[in-house]
Amino acid sequence: MTPQSDVPSPILEVDDLSVQIGPAGNKVVDGLSFSIAPGDMLALVGESGSGKTMAARAVLGLLPPPLIVTPDSSIRFRDTELTRLPPAAMRKIRGARIGMVFQEPMVSLNPSMTVGDQMAEGLLLHQRLGKAEIRDRCLAMLERIRIHEPTKCLAAFPHEFSGGMRQRIMLASVMLLKPDLLIADEPTTALDTLVQRDVLDLMVELTTENQTSVLLISHDLGMVSHYVRNVVVMHKGVAVEQGESTQVLQGPKHEYTKRLVDALPRRSAGGARADRAGEPLIELRDIVIDYPGRDGLFKKTAGKRAVHGVDLTIGKGETLALVGASGSGKTTLGRAIVGLVQPTSGAITFRGQSLLDQGAAAQRREMQIIFQDPYSSLDPRQRVEDIVAEPLKLYPTMDRRQRAERVKEVFSEVGLGPEFARRLPHQLSGGQRQRVAIARAIVRRPAFVVADEPVSALDMTVQKQILKLIRSLQERHGFACLFVSHDLGAVEQVADRVAVMENGRIVEVGARDEVFDAPKHEYTKRLLDAAMLLDRKFAGVQAVKAKAVAV
Amino acid sequence: MIARALKLPRLRFNGLVGGIVVAMLLFIAIAGPWLAPYDPLKLDLMSRLKGPSPAHLLGADEFGRDVLSRLMYGARTSAWIAFSTVAFAIFFGVIVGVLAGFLRGWTDRILMTFNDALLAFPGLLLALGFMAVFGASRNGIIIALGLAYLPVVVRVVRGAVLSIREREFVEASRVMGNSEIITMARHVLPNCVAPITVLATTMFGWIILSESALSFLGLGVPPPAPSWGNMLATARPYISQSPHLIILPGLCISITLLGVNMLGDAIRDRLDPKMQS
């Protein structure tokens, strides 16, 4: 199928792979074929529900119960046919020769085992080594991935590390066994831009050293094109397009690939809207926010300062993007404005009136928030129409009919048909849920909305729709928006101005084009560099960087 | 297995069987006095410890009292005690648990310190202590058992509240401008219903058993009034002679527990929004 990498005999050859729900059920993967040469990287790209994860799990023989591989599928690893391998033989291959890295570093490490024990687990299982030898190898690996104080790290527990560190540890413990093939299932989706870059670079380094082939699974075509030469684009279980990533990006042939490429973040046409910062709506003066320490049973944990003296102005109707890594205090700041967090000191004014006084309830009603995770931001027991109508209950001037009308109006504004009104949140997709959350936020016609990473939990094509929706609603109703995000691609599409935050301080504020084209602060430059945005000069065309991807 | 044979979904099967059992229990509890063939206290020394016969369908006990009539009257006592105790413990447990979980801070610390101190004692021991205060009467038992099982309810409810209050829809409700009380009533409490239902049905079983244990110790429903528990307790000396005196009340307790648990499962699934289409 892939003539360009056929020269040495492939390490993994998947032929006509189909995965079914039960013997007579629907196919979640339908006739997928690809092959990976030794030391090469291949990416399966697709959105949630495209079957990419199930295809990878089928390779490892780890399909969740009702799912089965159809009898005429073939998965050949070196010279072994994996689909007909007995479980015991499969276990010998798993881990030792095919390693896997999962998406969620927060849950894929066992919280009650030390890092050292977890790294040793694979070695103990697959290789006959002495304790000292295992320890030496683990230490060498930790040093290799540039972890500070590797000896200490061996005795530490996973919760002592950040998400990026955990993912590096995970990667290290998988690579410790020097597998022939590494399957990485969205290894960096849960991570920040900067960290994402680090982890992927490390993955390429380690696998190149060991001549390990990589099967990378991702929804992010932009990221994939930076690292991987060959991609397979999947849609609803079918491989709709495969080939070299640059070619797929530059000249997508299939309709779906075109949509996917089209959804890659790109600066909105016509540049930022006119600078409306002239009339300030919200002003923050010297905001400091501390998280209180805890009085534990045995020791007092010190408090943590999340925001160190921030000044910020948000003008009427403008979108200010607040950009930064996780832990930079951007979310805390957004929450402080809507009153979910009390600042330790400083002043917040809304139309010139302080929000921190008692009796700011009326002003608060003009502010709303859209949360990141549409799965936890809607009450699972409320029907969609009740969720959207709830904020109106605190609107004393509207009667029942006016409320019903407003709800209907908002439904059509966010693009939800009337048939959604009686549904429950779990019956909706992520994008639909986020539309409901947006409807709830704008139903009172607020003057200001905080959007806290509103699209980072969604698929690329859905992201694009939601960003468009936010922008068009803003144009219609003229509310100001604080767009909190670590995703520079999304920011580029919606922001008028950008504020960059690092360790609780704002290091740079400016008009979007200024910040993106001529960043002044060192941190902004690093952030932009890591963001793997599409090259802006050639709309939608990304030159693969000279990054050494070994063949 | 039976459910599959009848081609009923598990949920409906549970609800059906559980519902029938509980409905029968309630019917007998209410209509017992009219249905019972004899006065449960009437002595008939001629048929002492006799097995089933046309005169006494389920036999007679050590004083010749009709077992069927005693079971019917006993159903009334046992069901009343179990339902009231569960209602008592859940009602106050939910109030305390929600307060502690939602308000946190000092309220939580004081309530939970007290609660955990109570939790340290076995429920039955605690009930015995309370019985000493309230005296051995039916209402005494209800209050004593209710208080004894209260700490468990508080713990479960507080845990559920703690996990739900961190969800973003609760914060969304605050940003909307809802007061804490409305947020609690509209968004937090309804989402705690599933664990509370499971706990309530499990507790139903514990309480029927605890009541028999108390009766066994002579602190339950005072004789000669029948309850399933004290019937079980007083039949002990005759276990080899007349096993029906032990088996019949035991069977009543088991069937009731099974029914209540099945109904509880069905209710919990029914209340889960994910199970509705």
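This report describes a sheet in chain A and a surface patch in chain B of a predicted model.

## The sheet in chain A

Six strands of chain A make up an open sheet with mixed pairing, in the order E17-E18-E19-E14-E20-E21. Strand E17 (367-370) and strand E21 (505-511) are the edge strands, each pairing on one side only. On average, and with direction ignored, neighbouring strands of this sheet are turned by 15° against each other.

Strands of a sheet pair through backbone hydrogen bonds, either parallel or antiparallel.

## Strand E14 and its neighbours

In the strand order, E14 of chain A stands between E19 and E20. With strand E19 (residues 480-485) of chain A, E14(A) runs parallel, and five bridges join the two. One partner pair is A:Leu322 with A:Val484 of E19(A). The pairing of E14(A) with strand E20 (residues 497-502) of chain A is also parallel, over four bridges. Here A:Leu320 is opposite A:Arg497 of E20(A).

Strand E14 (residues 319-323) of chain A is mostly covered, with five of its five residues buried. A:Thr319, A:Ala321 and A:Val323 point one way from the strand, while A:Leu320 and A:Leu322 point the other way.

## A nonpolar patch on chain B

A nonpolar patch on the surface is formed by B:Phe91, B:Phe92, B:Ile95, B:Leu99 and B:Leu103. Together these residues have about 450 Å² of accessible area.

B:Phe91 belongs to helix H3 (residues 67-103) of chain B. B:Phe91 counts as exposed because its relative accessibility is 52%, and exposed means over 50%.

Notes: Residues numbered from 1 in each chain as written. Chains lettered and ligands numbered in written order. Predicted model: local features only at pLDDT ≥ 70, side-chain atom pairs only at ≥ 80, totals over all residues. Heavy atoms only, no water. Buried < 20%, exposed > 50% of the residue type's maximum accessible area, 1.4 Å probe, protein only. Pairing = 2+ DSSP bridges. Patch = residues over 30% accessible without salt bridge, like charges linked within 9 Å, V, L, I, M, F, W, Y side chains within 5 Å. Areas by Shrake-Rupley, 256 points an atom, 1.4 Å probe, with all protein chains shown as cover. Salt bridge = Lys/Arg side-chain N within 4 Å of Asp/Glu carboxyl O. Axes fitted to C-alpha atoms, helices over the stretch in contact; angles between N-to-C directions.
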